[in-house]
Number of protein chains: 2
Amino acid sequence: MELHILGCYAATPRTISNPSGQVLEMKNHLFLIDCGEGTQVQLRKNKIRFSRIRHVFISHLHGDHFFGLPGLVSTFRLLGRDLELHIYGPKGIKEAITLLLKLGDSWTNYPLVFHELESKEPELIFEDDQLTVETIPLNHRIYTNGFLFREKLGERKLNIKTATEYGIDKCYYQKIKSGHDIVMGDGTVIPNQKLTFDPPKPKSYAYCSDTAFLPSIVQQIKNVDVLYHESTFLESEAHLVKKTKHSTAKEAATVAKDADVGTLVLGHYSTRYKSIQPFKDEALEIFPNVELADDGKVFRFWQN
Amino acid sequence: MELHILGCYAATPRTISNPSGQVLEMKNHLFLIDCGEGTQVQLRKNKIRFSRIRHVFISHLHGDHFFGLPGLVSTFRLLGRDLELHIYGPKGIKEAITLLLKLGDSWTNYPLVFHELESKEPELIFEDDQLTVETIPLNHRIYTNGFLFREKLGERKLNIKTATEYGIDKCYYQKIKSGHDIVMGDGTVIPNQKLTFDPPKPKSYAYCSDTAFLPSIVQQIKNVDVLYHESTFLESEAHLVKKTKHSTAKEAATVAKDADVGTLVLGHYSTRYKSIQPFKDEALEIFPNVELADDGKVFRFWQN
C-alpha cells in the first residue's frame, strides 16, 4: 500500500515541479487522485502501469488539478486500452472531456464512465468488498471535494494452532474466519475469540486539496491514518488565504491535530517559496507527525 | 530569426519526448505553432519569454497538438498578463477553451481573441507591415491547416556613400529608401538604383503537420526557405499512412523537392522508432537539404 506523489505544487507546471496528481495503491486498486498537466509523464517517470488505473478522482476543475486528464484519456486510447475507466469529478467534467474528444474525432475505444458530483454533503461514491471512497466537501473558490479512502474491516485471522488442537476440520475454517463460534460433537461451544486473531486495523487515507481552513471536516476524517492536506501558504502569507481559499501549514496542522490523524502530509505549495522545509517546521509546532510531499516521492506508511 | 522546436514527436508525451509545439521568431514576433501537453514547460526550458507570445496557431484539434493550450492560457492569467492573445485554429477551439475556463471560473484578465478557421482554401489570417500568415489546408483525419509565414519585401537599403557623393540632403533618405528617384537642383534625375541596394530577400517558413502526402500544396509553398513537413513514418511503415493520414519521410522529401524549398525540416516522428536518423537518410535519397527537428533544438537558418 503506497502513495506516489506525482505532483504537489500549486498553479503552473514548471521545469522543476508539477501540479497536483497522486496515485494511491490500496487493496490492489491504483487510484489516481487529481490530474494536472503533465500527470501522464509523471506516471511514466514513476513507472506506474497505466492499465492498473481504473478510477480517477478529480477534486475540482481548476487547471492545475485537471488539465492533464484529456491527454491521459487519449493516451489510454492510443495504448489500446479496453478496460473501463471511471472518472469521479464535479459536474461539468463529462461535458469538458467529451467535447475535447469530439473535436478531435477521437472517442475512446474503451468504456469511459463518468460519475459527476454536485452534493455538498459527504457521499459514498465507490464501494467494493474491500474498501469505500467518500467525498469530503471542501471550501474553495469553486465546487471542490476531497476524498476519503477507507479499507473495510477484513476477516478475522484463523489461529491454526488452536484450531488444530481442538481437532476442528478444515471445512469450518471459513466459518471461523467470518466470526462464528464452533459447536463440537459433544455440544461444547468453542468461542470464536479462542480460534481467531483480530483482523488488521483497516487503513484510511484522506486527500484534502484545495481548501480554506475548514474545521468542519474534522469529524469526517477523525483518526484517519494519513491526511494529505493542502498548505499553499505559510503563516507569513496568511493574509492571502481568505481571498484564495487556501490554507497555511499551521491551519493544515490544526486540522490534523483536531482530527487526531496518524500522519499529516503537506502539499500544494505555492511556487513562491524557494524551500518547502518551512512548511514542515510551521506544522510541527502544532502537530508532531508531519511529512512533506514532493514530486516523485513514495510514501509507504502502512508497511510499518 | 529562429525556430525553436519545443516538441516534435507524434501521439503521447513521454519522459524523453514531447508532442508538437514550436516557436517561430520572425520580424520581432514570437509565433507559437501548435501546443501539445507540456508546451508551457518546454517554453520555460527554452527560456522563451511568455509575454512575447501574442499569436498561437493550432493546426488541428488532436490532443498532441492542442492539449497544452488550456494550461498555457491559464498560466498567462496567473502571470498577470494584460496583452491580447490571438488564437488561430479550427472551429470549435473557442468553445473548448472557454468551457474549460468557465468550469474553473477562471476567465482570463487579458483579452483572448479567437480566429476560428473552417475554409478549405488557403486564407490570409494575419498581416502587418512586415509579414503575412496564410493557412495551408492539409489532408488529415480531421480538419487541419498548415501555416505559411512570409516576410514582406522590405525597404531598399540606402547606399550612403553614393548619396553623400551626390550631396543629397538627409531629409530625402526616407524617400530614396521607398524607391523614388531624386531630382537634383539642376534638374538631373538620379535613378533610385544608383542610390540603393536591393532589400534582403524576404524569408519564408511553411509548417505542414499533420498531413497525408499532398502534392497540391506544392504550388502554395513553392520556393519557401524552410519547410517543416511531418514524417510520422518511414517507408517501411508506408502501409500505415493511408489509414492514419500521415506521411513518410520519403513523401515529405518529395514535396520539398517538387516545391524546390531551401531546407526541409522533418518532425512528428512516431514514437515506435528508436532513432530518428533513418528519417534523414530516407529523405536525403530524394532531396539534398534535410534537417531533423528534435525537442529543444534551435534552427537559425536565416542568419547565413
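Is A:Asp64 buried or exposed? With a relative accessibility of 13%, A:Asp64 counts as buried (buried is under 20% relative accessible area, exposed over 50%, partly exposed in between, with a 1.4 Å probe and protein chains only).

A word on the ground rules: this is a predicted model, where local features need pLDDT of at least 70, side-chain atom pairs count only at pLDDT 80 or more, and totals for chains, interfaces and linings use all residues. Residues are numbered from 1 along each chain as its sequence is written, chains are lettered from A in the order in which they are written, and side-chain values use heavy atoms, with hydrogens and water left out.

1. First annotated set. An unreviewed UniProt entry has a "binding site" annotation on A:Asp64, A:His65, A:Asp210 and A:His268. They are spread over 205 residues of sequence, but they cluster in space, with a largest C-alpha distance of 10.5 Å. Keep in mind that such annotations may be inferred rather than shown by experiment; positions are in the numbering used here, and feature names are shortened.

2. Second annotated set. The "binding site" annotation of the unreviewed entry also covers A:His60, A:His62, A:His140 and A:Asp210. These span 151 residues in sequence, yet no two of their C-alpha atoms are more than 10.4 Å apart, so they gather at one spot.

3. A:His65 is buried at 0% relative accessible area, and A:His62 is buried at 7%.

4. Contact here is heavy atoms within 4.5 Å. Leaving aside neighbours within four places in sequence, A:Asp64 is in contact with A:Ala10, A:Ala11, A:Pro19, A:Ser20, A:Gly36 and A:His268. On the same terms, the contacts of A:His65 include A:Asp34, A:Cys35, A:Asp210 and A:His268. A:His62 reaches over to the other chain: its contacts are A:His140, A:Arg141, A:Ile142 and B:Gly104, not counting residues up to four places away.

5. A:Asp210. This residue lies in the loop between β14 (204–208) and α7 (218–221) of chain A, and A:Asp210 is buried, at 2% relative accessible area. Beyond four places in sequence, A:Asp210 has contacts that include A:His60, A:His65, A:Glu230 and A:His246. The side chains of A:Asp210 and A:His140 are joined by a polar contact of 3.5 Å (a pair of N or O atoms within 3.5 Å; within protein, one must be able to donate a hydrogen and the other to accept it, and residues adjacent in sequence count only if both atoms are side-chain atoms).

6. The interface. About 2,700 Å² is buried between chain A and chain B, with carbon and sulfur atoms giving 70% (accessible area, 1.4 Å probe, that two parts lose on being put together, summed over both). A:Glu37, A:Phe67 and A:Leu103 lose the most area on the chain A side, together 22% of what that side buries.

Key: Helix = DSSP H or I, 4+ residues; strand = E, 2+ residues; numbered from the N terminus.
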